[in-house]
Amino acid sequence: MKLSEFIFLTFIFIIFSTIDSKLNLFLYDYLILSNLTYLLLCYLAFKNPQKVNSFFGAYIGFVIDLHQNMFFGLHASLFTLTILIINYNYFRLRMFSTLQITIAFSFFVCFFVGFKSILISTMNFQYLVVFLSFFFGFISYLLIPSIGKFLIQKTKI
């Protein structure tokens, strides 16, 4: 990956992280957490497993941890783990239909929300937030491929 693509994707992920935090302020009253940044990373890792590797996931995770003022390494470890799982099961995921891939990435979002909620606030963990985030992740991932295709064309990843 070229340095210009790397910097461009860093800014895109920071913008998506800002959108996520603003959207989460609105949706938290409805017990939903948005994860557009995570879904975009999953999509890019699925479409280009050679260029979007675990080191890129760790870097983006550390940048998002700094941007959201989270404890250092939460997003980095989860992003790295997700990219490793996607790269390990890449050929199995390629055999799935779009609906099955959307369901699989929605389960990834469900795990991400649950793990993040347990680590951040153990006394305020709610299963309904995890369950509703699965459905919001399902609907969001239907929009992510169009945004991802635009980014891939723009950066030529």
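Student: How do you know that Arg94 lies over the face of Phe46?

Tutor: A charge sits over a ring if NZ of Lys or CZ of Arg is within 6 Å of the ring centre and within 35 degrees of the ring normal. Arg94 is at 5.4 Å from the ring centre of Phe46 and lies over its face. This is a predicted model, in which local features need pLDDT of at least 70 and side-chain atom pairs count only at pLDDT 80 or more, whereas totals for chains, interfaces and linings use all residues. Residues are numbered from 1 along each chain as its sequence is written, and side-chain values use heavy atoms, with hydrogens and water left out.

Student: Why is the pair of Tyr90 and Phe91 called edge-to-face?

Tutor: Rings of Phe, Tyr and Trp (its six-membered ring) pair if their centres lie within 6.5 Å, and planes under 30 degrees apart count as stacked, over 60 as edge-to-face and the rest as tilted. The centres of Tyr90 and Phe91 are 5.2 Å apart and their planes stand at 75°, so the pair is edge-to-face. By this rule there are 18 aromatic pairs, and Tyr90 and Phe91 belong to one aromatic cluster with Tyr43, Phe46, Phe105, Phe108 and Tyr141.

Student: What makes Tyr90 buried or exposed, and what makes Phe91 buried or exposed?

Tutor: Buried means under 20% relative accessible area and exposed over 50%, with partly exposed in between (1.4 Å probe, protein chains only). Tyr90 has a relative accessible area of 15% and is therefore buried, while Phe91, at 67%, counts as exposed.

Student: How do you know whether Phe55 is buried or exposed?

Tutor: Phe55, in helix H3 (helices are DSSP runs of H or I, at least four residues, numbered from the N terminus), has a relative accessible area of 68%, so Phe55 is exposed.

Student: Why is Ser117 called buried, and which residues is Ser117 in contact with, leaving aside its neighbours within four places in sequence?

Tutor: Ser117, found in helix H6, has a relative accessible area of 15% and is therefore buried. Contact means heavy atoms within 4.5 Å, and, with neighbours within four places in sequence left aside, Ser117 is in contact with Leu33, Thr122 and Phe125.

Student: What makes a residue part of the lining of a pocket?

Tutor: On a 1 Å grid for a 1.4 Å probe, over the protein atoms alone, a pocket is an open set of points with protein on both sides within 12 Å along at least five of seven lines, and lining residues have an atom within 4 Å of a point. The largest pocket holds about 530 Å³ of space; 27 residues line it, and Asn24, Leu33, Met70, Lys116 and Ile120 are the closest to its centre.

Key:
Grid points are joined across faces, edges and corners, and a volume is the space filled by probe spheres set on the points. Helices (H or I, at least four residues) and strands (E, at least two) are DSSP runs, numbered from the N terminus.
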